[in-house]
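Have a look at it before we start.

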Amino acid sequence: MPLPNPALRNPIVLPDGQAHAGTVMLSQAITHPNFQVGDFSYASDFAPPQDWASHLAPYLFAGARERLVIGRFCQIAHGVRFITASANHAQDGISCYPFPVFDPAQMAGFQPDTRDTVIGNDVWIGYGALILPGARIGDGAIIGAGSVVRGTVPPYGIVTGNPASLQRFRFSKPQIALLLSLKWWHWPQELLARAEPALLAGDLEMLESLAPD
């Protein structure tokens with residue numbers, strides 16, 4: 001079975017032959033300078049926006065001192081939002097009111113929070129999840145629908161709730177270590193096509209046997 005084409009903006013073709021506008025390869029839909037996204041990562045929305053970057057990350061401003069980084073093969077459901085660092089207000093004074101943003105002379109240098117938000121590879125972010133500033137989500141993690149995520153999510157962890165908490169790991173510690181060493185998401189496309197049956201079946205032995213030297 002061929003891999004999806006990462007160069008297509010709309011990679012899903014419906015039975016009537018029309019491209020499904022509600023699912024996009026983010027690398028083809030986003031040109032925002034502070035938004036970095038890997039190949040094969042897609043987002044879906046029932047009301048597809050014109051501007052996917054501002055739809056997913058409304059507080060990510062071009063030229064800010066933060067980035068939103070999303071790895072390869074991520075899956076982002078309807079309603080997911082990334083509330084990035086530029087949304088934060090200063091909390092070290094008496095008031096959190098952002099007085100400097102109303103003064104053009106001060107606004108350019110005013111950013112109380114500059115943390116990057118980083119999403120690993122092969123991460124599934126479920127319906128309506130909210131990812132807060134500075135979150136770090138490890139490879140292979142699953143973010144449950146409606147979760148509010150802050151801090152660090154370990155690789156291959158499953159988190160749910162508000163605040164999101166770790167429910168369990170998808171694999172055993174040795175299996176996770178193996179997957180992190182294989183880094184299959186960086187394999188060349190021809191090898192990924194051969195590895196697809198192992199990835200779908202959860203066959204770690206077969207996947208390891210296909211790993212490049």
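Q: What should I know about the model before reading its features?
A: It's a predicted model, where local features need pLDDT of at least 70, side-chain atom pairs count only at pLDDT 80 or more, and totals for chains, interfaces and linings use all residues. Residues are numbered from 1 along each chain as its sequence is written, and side-chain values use heavy atoms, with hydrogens and water left out.

Q: What volume does the largest pocket have?
A: A pocket is an open set of points on a 1 Å grid over the protein atoms alone, with protein on both sides within 12 Å along at least five of seven lines; lining residues have an atom within 4 Å of a point. Here the largest pocket has about 790 Å³. It is lined by 32 residues, and Phe-73, Asp-122, Trp-184, Leu-199 and Leu-200 are the closest to its centre. α5 supplies the largest share of that lining, five residues.

Q: And which residues are closest to the centre of the second largest pocket?
A: That pocket has a volume of about 430 Å³. Of its 17 lining residues, Phe-61, Ser-86, Val-101, Phe-110 and Gln-111 are the closest to the centre.

Q: How many disulfides are there?
A: A disulfide is a pair of cysteine sulfur atoms within 2.5 Å, and the count here is zero.

Q: Is Cys-74 buried or exposed?
A: Buried means under 20% relative accessible area, exposed over 50%, and partly exposed in between (1.4 Å probe, protein chains only). Cys-74 is buried at 1%, while Cys-96 is partly exposed at 41%.

Note on methods
On a 1 Å grid over the protein atoms alone, a cavity is a set of points where a 1.4 Å probe fits but cannot get out, and a pocket is an open set with protein on both sides within 12 Å along at least five of seven lines; lining residues have an atom within 4 Å of a point. Grid points are joined across faces, edges and corners, and a volume is the space filled by probe spheres set on the points. Helices (H or I, at least four residues) and strands (E, at least two) are DSSP runs, numbered from the N terminus.
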